[in-house]
Amino acid sequence: MVRLVPEQPTRIPHRRALGLALVALAGLSLIPLWQRSSQAPARLPAPLANARPAPLPPAQAAWTSPLQRQCSVNDRALVARLKTHQQNYPSTLKRVKIDPSNYDQRVPYDAFGNSLQTTPSLVVLHETVFGLQSALNTFIKHNPRDEDQVSYHLLIGENGESVEALHPRFRAYGAGYSAFDGEWAVLNPELPGSINNFALHLSLETPLDGENDAETHSGYSSAQYDAMAVVLADWMNRYKIPKERITTHRHVDLGAARADPRSFNWEALQQRLAALGVLC
């Protein structure tokens, strides 16, 4: 679901940040997906000389991953289907250019001078609530107000279509007041922290019967789980993200206002990730 909590502004001057983002986006359009950002996480820079302790997030329920270690899958048809999807993924991935007001750079220091990791290390799963195009229209639109600015890195339509809205090297505005396992990044001393500086955000298109605030809906399509598994396998391999750090918007939201992704089938994802060999 879309974020209603204002994202924390960075210390980078606004015009300069937008300029950097636009230049980077222009360059990225020429780089094939499978050649981008495949390096291991970079070593953290040294803290600034005047660094001081940052506030810790409030207490939060521990995350226990529903994903288990699994080294084999008996469903040969599933394995073959996903391997084909994986091979075709670079050529079938669609991309859109979103407005710079809806994302920013990942930053190497918090508001207190402490070092931050800028390589993604967490995946947060969402749902759109409304249609895929409705979500993309929000990202493409210029949103001058903080409370309206929102984005995900990648969205998956009901038919399995994968759309990259933002390259992973940038910070998406996917979760405002949020933390994971006692970790957040405070980028503005006057606002609470969030996980956005180290997170990747993936959103599933909600079925028609879920375009409301009910607790459940009919669930996501098989094609969506296929596409999601391929995307997650790519991210897990590129950024060395373990299965324990694939979580939900519901879990990271410290405001207890999010429920997405509703009616999520972890067993369906388990089997597909195992078929792609990333759970062993």
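At what angle do the axes of helix 2 and helix 6 cross? The legends below start with that crossing.

The model is predicted, so local features need pLDDT of at least 70 and side-chain atom pairs count only at pLDDT 80 or more, whereas totals for chains, interfaces and linings use all residues. Residues are numbered from 1 along each chain as its sequence is written, and side-chain values use heavy atoms, with hydrogens and water left out.

**Figure 1. The crossing of helix 2 and helix 6.**
The axes of helix 2 (residues 76–92) and helix 6 (residues 266–275) cross at roughly 70° and come within 9 Å. Axes are lines fitted to C-alpha atoms, for helices over the stretch in contact, and angles run from 0 to 180 degrees between N-to-C directions. The two helices, helix 2 and helix 6, are therefore roughly perpendicular to each other (angles under 35 degrees count as roughly parallel, over 145 as roughly antiparallel, 65 to 115 as roughly perpendicular and the rest as oblique). From helix 2, the residues L78, V79, R81, L82 and K83 meet Q271, R272 and A275 of helix 6; contact means heavy atoms within 4.5 Å. The residues of this contact between helix 2 and helix 6 divide into four nonpolar, one polar and three charged (Ala, Val, Leu, Ile, Met, Phe, Trp, Tyr, Cys and Pro count as nonpolar, Asp, Glu, Lys and Arg as charged, and the others, Gly among them, as polar).

**Figure 2. The whole chain.**
The protein chain holds six helices and eight strands; helices (H or I, at least four residues) and strands (E, at least two) are DSSP runs, numbered from the N terminus. Along the sequence, the pattern of the protein chain is α-α-β-β-β-α-β-β-β-β-α-β-α-α. Of the 280 residues of the protein chain, 52% count as buried (buried means under 20% relative accessible area, exposed over 50%, partly exposed in between, with a 1.4 Å probe and protein chains only). Among contacts in the protein chain with a separation of 6 or more, 81% come from residues 24 or more positions apart.

**Figure 3. Aromatic rings.**
The structure holds eight aromatic pairs; rings of Phe, Tyr and Trp (its six-membered ring) pair if their centres lie within 6.5 Å, and planes under 30 degrees apart count as stacked, over 60 as edge-to-face and the rest as tilted. The rings of W63 and W266 form a tilted pair, because their centres are 6.0 Å apart and their planes stand at 55°. This pair links distant parts of the chain, with W63 in the loop between helix 1 (14–28) and helix 2, and W266 in helix 6, 203 residues apart. W63 is partly exposed, with a relative accessible area of 23%, whereas W266 is buried, with 17%. Y220 and Y225 form an edge-to-face pair, 6.4 Å centre to centre and with 70° between the planes. Y220 is buried at 9% relative accessible area, and Y225 counts as buried at 4%. One aromatic cluster is formed by W63, Y220, Y225, F264 and W266.

**Figure 4. Salt bridges.**
Eleven salt bridges are found in the whole structure, a salt bridge being a side-chain nitrogen of Lys or Arg within 4 Å of a carboxyl oxygen of Asp or Glu. In the one between E161 and K94, the closest N and O atoms are 2.7 Å apart. E161 lies in the loop between strand 4 (154–156) and strand 5 (162–164) and K94 in strand 1 (residues 94–95), so the pair ties together parts that are 67 residues apart in sequence. E161 is partly exposed at 23% relative accessibility, and K94 is partly exposed at 45%. R245 and E183 form a salt bridge with closest N and O atoms 3.4 Å apart. R245 counts as buried at 16% relative accessibility, while E183 is partly exposed at 29%.

**Figure 5. Backbone details in two loops.**
The peptide bond from D260 to P261 is cis, with omega near 0°, and P261 lies in the loop between helix 5 (249–252) and helix 6. S263 is in the loop between helix 5 and helix 6; S263 has a positive phi of about 50° although it is not a glycine. D181, in the loop between strand 6 and strand 7, has a positive phi of about 55° and is not a glycine either. D181 counts as exposed at 66% relative accessibility, whereas S263 is partly exposed at 30%.
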